[in-house]
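Here is my note on the model, written as numbered points. Please keep the structure open while you read.

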Amino acid sequence: MSAQTAALRVEPVREWAGLINQSLDEVFEMMLGMKLAPCEPGGFRYDVTSMVGLAGALCGLLTVRCSGETAGKLACRMLGADSIDSPNDMYDALGEICNMVAGSFKSKIPGLSDGCMLSVPTTVTGSDYQVHPTRAMPPFLDLFSRGDGCPIEVLLHITR
């Protein structure tokens with residue numbers, strides 16, 4: 001990334017919700033063979049969170065959260081298997097899904113393709129944790145989707 005590109009700052013707009021939805025649809029249809037549909041928040045247990053950081057013209061964090069059961073189902077679909085051999089397969093699959101959604105999203109915004117870098121995905125598990133990105137505004141975007149009965153939450157935090 002050049003110094004000129006790094007100096008560019010992309011400001012978030014509400015239309016990004018549609019771009020995130022397009023990215024989710026593309027990734028889930030292509031990699032998992034499943035369609036997503038919006039669902040209302042509430043009553044879901046999220047104990048697996050994958051995160052990808054964004055740095056450069058846009059700084060923030062994209063997270064994909066779901067239950068361990070949902071993460072296992074997604075990993076099976078992604079790997080074309082009936083079951084997974086190791087929890088690491090589940091963590092890797094959800095991290096890669098998060099990474100692909102973040103990459104697809106940034107490619108849809110002019111100036112971000114070369115002006116924004118993505119971190120390596122990180123996956124956190126457990127039943128008692130919260131993600132608090134440093135200097136982040138409240139979640140810019142909070143999407144809930146359901147695919148094959150699997151609730152998924154996608155959050156985009158933009159840092160100041």
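**Notes on the model**

1. Start with Glu 26. Its relative accessibility is 38%, so Glu 26 counts as partly exposed. The scale is simple: buried means under 20% relative accessible area, exposed means over 50%, and partly exposed is in between (1.4 Å probe, protein chains only). The side chain of Glu 26 meets that of Lys 108 in a salt bridge, at 2.9 Å from N to O. A salt bridge is a side-chain nitrogen of Lys or Arg within 4 Å of a carboxyl oxygen of Asp or Glu. Glu 26 sits in helix H2, and Lys 108 in the loop between H4 and helix H5 (112–115), so the pair ties together parts that are 82 residues apart in sequence. Lys 108 has 24% relative accessibility, so Lys 108 too counts as partly exposed.

2. Some ground rules. This is a predicted model: local features need pLDDT of at least 70, side-chain atom pairs count only at pLDDT 80 or more, and totals for chains, interfaces and linings use all residues. Residues are numbered from 1 along each chain as its sequence is written, and side-chain values use heavy atoms, with hydrogens and water left out. Helices (H or I, at least four residues) and strands (E, at least two) are DSSP runs, numbered from the N terminus.

3. Now the other salt bridges. The whole structure has 5 of them. One of them joins the side chains of Glu 29 and Lys 35, at 3.3 Å from N to O. Glu 29 is partly exposed at 41% relative accessibility, whereas Lys 35 is exposed at 61%. Another joins Glu 69 to Lys 73, with the closest N and O atoms 3.6 Å apart. Both residues lie in helix H3, 4 residues apart, about one turn of the helix. Glu 69 is exposed, with a relative accessible area of 53%. Lys 73 is partly exposed, at 37%.

4. Move to strand S2. How many of its 9 residues are buried? The count is 8, and S2 is mostly covered. S2 pairs with S3 in the antiparallel sense over 7 bridges. Two strands pair if DSSP finds at least two bridges between them. S2 and S3 form a hairpin, with 3 residues between them. Strand S5 (residues 122–125) also runs antiparallel to S2, joined by 4 bridges. Strand S4 (residues 116–118) pairs with S2 in the antiparallel sense too, over 3 bridges.

5. Check Leu 54 against these pairings. In S3, its bridge partner is Gly 60. In S4, Leu 54 stands opposite Leu 118.

6. Look closely at Ser 50. This residue lies in S2, which spans residues 48–56. Is Ser 50 buried or exposed? Its relative accessibility is 0%, so Ser 50 counts as buried. Its bridge partner in S5 is Thr 123. Beyond its neighbours within four places in sequence, Ser 50 is in contact (heavy atoms within 4.5 Å) with residues including Leu 62, Tyr 91 and Cys 98.

7. Next, the core. A nonpolar core is a set of buried Ala, Val, Leu, Ile, Met, Phe, Trp, Tyr and Cys residues joined through side-chain atoms within 4.5 Å. The largest one has 37 residues, and those with the most contacts inside it are Phe 28 and Leu 62. Elements that give two or more residues to this core are H2 (16–32), S2, S3 (60–66), H3 (68–79), H4 (87–107) and S7 (150–158). H4 gives the most, with 9 residues. Leaving out residues up to four places away in sequence, Leu 62 touches Ile 20, Met 51, Val 101 and Leu 155, among others.

8. Last, the cysteines. A search of the whole structure finds 0 disulfides. A disulfide is a pair of cysteine sulfur atoms within 2.5 Å. For Cys 116, the nearest cysteine sulfur is that of Cys 59, 7.1 Å away. Cys 116 has 2% relative accessibility, so Cys 116 counts as buried. Cys 76 is buried as well, at 14%.
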